[in-house]
Amino acid sequence: MTDVLNRAVRRAKSQSIDWTVFLASFGIILAICLLGLVYTDTVQSVSTAALNWVVASFGWLLILAASAFVVFSLVLAFGRYGRIPLSRNGEPPEFSTISWVAMMFSAGMGIGLMFFGVYEPVTHLAEPPPFVDAPPNSGDAAREAMAYTFFHWTLHPWAIYSVMGLALAYSTFRMGRGNLISSPFQSLFGKERIEDKGWGKPIDILAIVTTKFGSATSLGLGALQIAAGVSLLRTGRFSESVSIAILAICVLTVFIILSAASGVSRGIKWLSNTNMVIAALLLLFMLVVGPTVFILDLIPSSIGAYLANLVPMSFHSASFAGGDWLANWTIFYWAWWISWTPFVGTFIARISRGRTIREFVLGVLLVPSLVSMLWFVVFGGAGLDLQLNGVNIAGQGDEAAGFFVALQEFPFFTATAIMVIILTSIFFVSGADAGAVVLSTLSSRGRTEPWTPLVVLWAVMTGVVAAVLLTVDGLQALQTFTILASVPFVLVLIGLCFALYADLRRDPLRERRIGPVRGHVPPSATAPTERQPEAPARGDGRRAPQPAGVAAGGNGGQEPRPAGASLPVRADGSP
């Protein structure tokens with residue numbers, strides 16, 4: 001037995017696990033879970049008080065940051081940096097465009113679309129936001145309800161993901177750094193400080209803790225919806241059963257482990273593609289049997305209302321009124337998306353190798369946004385039509401039941417309810433699977449193919465955290481811990497914007513109107529008597545690294561160091 005244990009320890013050490021990051025993050029998560037189980041009431045009261053303070057003191061920061069990320073992403077896409085690839089020059093994308101879109105969509109917000117697809121629009125219809133001057137259950141309220149739903153689920157969340165994904169993909173696949181949240185900060189502080197002196201470890205620890213509670217929120221929502229559907233099919237009525245939700249988490253965790261053990265190219269890719277097919281069939285069914293004309297009419301009016309009110313919605317705050325509404329909706333959503341950025345950003349960076357910055361931003365911002373719009377127009381539109389015609393979906397008092405209440409009004413309810421449960425379960429497994437891979441990468445010094453037992457361990461912890469949060473206070477606890485975990489991490493995202501910009505300014509492929517790129521003068525533009533300038537000095541006194549795969553200083557196209565190498569290529573082409 002001792003020999004087996006010793007071999008396991010030696011095997012773990014050989015997998016480049018960063019024990020400082022792993023033990024610190026795992027210990028924090030485990031401590032919070034144990035406190036939640038042992039001192040449930042105390043944790044509930046303390047977290048609620050902390051939430052109220054955070055929303056009152058830092059809600060403005062989340063609101064401004066989310067809009068700033070949208071602007072930053074679009075400027076990069078349509079500016080001089082848009083054609084720079086997130087890889088070595090000439091390297092093709094790793095995944096097909098369809099699989100790429102399917103995987104990032106499933107990881108980004110699959111469960112949320114199922115949970116809020118009907119409930120959010122009808123809730124805004126029955127109780128309009130305080131910034132909307134329209135009577136409840138009116139046509140104007142319905143239009144504004146769709147506008148706010150689009151606002152919460154389209155450009156802003158995916159811009160938040162885009163910032164993280166861009167910074168990581170560029171740092172990892174073009175600069176040849178480690179695949180860690182802290183790695184892009186080498187452009188600001190130098191490799192020695194971030195890696196050797198350990199400045200990056202607190203960032204990676206915070207990223208793991210934030211990711212764990214953000215992903216647990218989504219999985220908790222999915223478990224609640226599965227429990228609502230199972231309860232309805234078994235008894236013919238809805239009941240809020242946390243025990244059924246926890247049982248669902250336990251069962252699905254087994255499938256998470258199996259999927260996680262098979263890797264990204266097999267498990268996550270297959271699940272994501274399956275998700276897209278089932279979701280498309282369910283969408284087509286509702287479009288055909290639902291209020292088709294009403295849904296089609298809703299498309300232009302909803303998009304128009306969203307675009308017309310985008311700027312005011314982006315900057316509403318609690319200065320004069322609406323603080324409780326913002327905390328329950330907009331601030332919660334921004335916090336939720338921010339808490340998912342280490343997970344989703346790292347994952348979409350992992351699957352986006354070979355894409356250009358312009359392709360990445362447009363793909364990440366526009367494609368999922370359009371799919372989300374279509375989803376909410378079809379299912380949310382069906383819910384709005386039912387609510388306007390006397391079916392009180394918003395009055396059910398159970399967010400998880402909203403989708404099923406709408407489906408009950410259409411043919412083949414049993415079959416469609418089963419499809420929703422299956423779809424939510426697959427979203428649950430694929431999201432947790434991708435999250436476990438990302439957490440393992442962050443605790444393994446950036447390895448893109450982390451040790452399988454470590455992936456399994458993080459997969460199990462995902463289910464444990466979701467179950468504990470449901471035990472503490474159900475849906476409210478999920479929202480509370482999401483916001484608390486995300487506020488400090490928004491500072492990391494802001495820092496990543498500066499770090500990425502610092503890297504891009506030194507990239508030889510950036511477009512400039514006049515003059516050569518700093519640190520890189522094309523041979524054709526260099527006069528015989530000119531001396532090529534050196535790359536600018538970094539904070540640690542060494543010259544700044546050039547992107548992997550780019551021949552710097554006219555070195556004749558020297559073969560770049562492979563992506564993921566520990567040392568990037570310098571301005572003179574030397575290692």
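**A tour by selection**

Select Asn137 first, which lies in the loop between α5 (119-126) and α6; the coordinates you are viewing belong to a predicted model. The phi angle of Asn137 is near 55°, a positive value in a residue other than glycine, and Asn137 is partly exposed, with a relative accessible area of 40%.

Next, display helix α6 (residues 139-153) together with helix α17 (residues 357-388), whose axes come within 11 Å and cross at roughly 145°. The crossing of α6 and α17 is right-handed. To see the contact itself, show the side chains of Ala142, Met146, Thr149, Phe150 and Trp153 on α6, and those of Ser372, Met373, Phe376, Val377 and Leu384 on α17. Of the residues in this contact between α6 and α17, eight are nonpolar and two are polar, with no charged residue.

Then move to Phe412, in the loop between α18 (402-407) and α19, where phi is again positive in a residue other than glycine, near 55°. Phe412 is exposed, its relative accessible area being 61%.

Which residues line the second largest cavity? Select Asn179, Thr346, Phe347, Arg350, Val437, Val438 and Thr441 to outline the second largest cavity, which holds about 40 Å³ of space. Both α16 (330-350) and α19 (413-442) supply at least two residues each to this lining, and the lining residues comprise three nonpolar, three polar and one charged.

Key:
Residues numbered from 1 in each chain as written. Predicted model: local features only at pLDDT ≥ 70, side-chain atom pairs only at ≥ 80, totals over all residues. Heavy atoms only, no water. 1 Å grid on protein atoms, 1.4 Å probe; cavity = no way out; pocket = protein on both sides within 12 Å on 5 of 7 lines; lining within 4 Å. Points joined across faces, edges and corners; volume = space filled by probe spheres on them. Helix = DSSP H or I, 4+ residues; strand = E, 2+ residues; numbered from the N terminus. Nonpolar A, V, L, I, M, F, W, Y, C, P; charged D, E, K, R; others polar. Axes fitted to C-alpha atoms, helices over the stretch in contact; angles between N-to-C directions. Left-handed = near helix turned anticlockwise from the far one by under 90°. Contact = heavy atoms within 4.5 Å. Buried < 20%, exposed > 50% of the residue type's maximum accessible area, 1.4 Å probe, protein only.
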